[in-house]
Amino acid sequence: MRDINTFSSETIEESRAFARELARILKPSDIVLLEGNLGSGKTFLVKEICNIWETDEEATSPSFAIIQIYSGAISVNHFDFYRIEDISELDNLGWEELLNTDAVSFIEWPQMIENQLDDYYKITIELNGERRLFKLSHS
Ligand SMILES: Nc1ncnc2c1ncn2[C@@H]1O[C@H](COP(=O)(O)OP(=O)(O)O)[C@@H](O)[C@H]1O
Ligand SMILES: [Mg+2]
């Protein structure tokens, strides 16, 4: 992976600023893997990006939905593979086809499928107390 930048945040506002920077960088069809513990802020980032791009529905933590699609000037595909225990459960969901649309795709818990991708961003979030480190890299 090639490091792009690391962004440190101690407040919601600083995390929002990182989301704005991300929204400037991302282009249609980009894929963004989100890695970090539960509660580190993966879904938060997707929500913020949806707000910035004014997508139709606000993204909520998709604890049940594996795939959510939000339409906007730039559309967002939000995949959350947290509950996937075996890669075969991803068959027939159509997620690979969604990667080939104009939408920007965000994938939480992507470890299982990372080796199937070749061109993608990755954000690794480290949470220490109130401080979050957002590390942005590209394959
Ligand atoms: N500085 C911050 N940056 C991002 N999220 C924060 C911050 N402070 C508090 N939060 C809260 O932390 C929670 C992160 O949860 P979420 O994004 O659902 O995590 P994940 O998807 O990684 O499990 C949200 O409720 C968010 O409002
Ligand atoms: Mg989440």
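**Reading the predicted model**

Me: How do the residues of the shell around ligand 1 divide?

Reply: The shell divides into three nonpolar, nine polar and three charged residues. Here Ala, Val, Leu, Ile, Met, Phe, Trp, Tyr, Cys and Pro count as nonpolar, Asp, Glu, Lys and Arg as charged, and the others, Gly among them, as polar. The model is predicted: local features need pLDDT of at least 70 and side-chain atom pairs pLDDT 80 or more, while totals for chains, interfaces and linings use all residues. Residues are numbered from 1 along each chain as its sequence is written, and chains are lettered from A and ligands numbered from 1 in the order in which they are written.

Me: Which of the residues around ligand 1 come nearest?

Reply: Ser-15, Gly-41, Lys-42, Thr-43 and Phe-44 come nearest among the 15 residues around ligand 1 (a residue is near if its C-beta atom, placed from the backbone, lies within 6 Å). H1 and H2 are the elements that give two or more residues to this shell. H2 gives the most, with three residues.

Me: What is the pattern of the protein chain, read along the sequence?

Reply: The pattern is β-α-β-α-β-β-α-β-β-β, with three helices and seven strands in the protein chain. Helices (H or I, at least four residues) and strands (E, at least two) are DSSP runs, numbered from the N terminus.

Me: Why is the protein chain as compact as a globular protein of that length?

Reply: Its radius of gyration is 14 Å, close to the 14 Å that the globule rule gives for 139 residues, so the chain is as compact as a globular protein of that length. The radius is taken over C-alpha atoms, and the rule is 2.2 Å times the number of residues to the power 0.38. The C-alpha trace spans about 40 × 30 × 30 Å along its principal axes.

Me: Why is H2 largely enclosed by the rest of the structure?

Reply: Eight of the 11 residues of H2 are buried, so the helix is largely enclosed by the rest of the structure. A residue is buried if 20 or more other C-beta atoms, placed from the backbone, lie within 10 Å of its own, exposed if 12 or fewer, and partly exposed in between. Among the buried residues of H2 are Lys-42, Thr-43 and Ile-49. These buried residues of the helix pack against H1, E2, strand E3 (67-70), E4, E5 and E6.

Me: Why is E5 largely enclosed by the rest of the structure?

Reply: Five of the five residues of E5 are buried, so this strand is largely enclosed. Val-104, Phe-106 and Glu-108 point one way from E5, and Ser-105 and Ile-107 the other way. E5 runs parallel to E2, with four bridges, and parallel to E4, with five bridges; two strands pair if DSSP finds at least two bridges between them. Leu-33 stands opposite Ile-107, and the bridge partner of His-78 is Phe-106.

Me: Which residues have the most contacts inside the largest nonpolar core?

Reply: They are Val-32, Leu-34, Ile-49, Val-76, Phe-106 and Ile-107, in a core of 24 residues. A nonpolar core is a set of buried Ala, Val, Leu, Ile, Met, Phe, Trp, Tyr and Cys residues joined through C-beta atoms within 7 Å.

Me: What joins E6 to E7?

Reply: Eight bridges join these two strands, which run antiparallel. The strands form a hairpin with two residues between them, and Gly-129 in the turn has a positive phi of about 65°. E7 (residues 131-138) also pairs with E1 (residues 2-9) in the antiparallel sense, over seven bridges.

Terms used: Contact = placed C-beta atoms within 7 Å.
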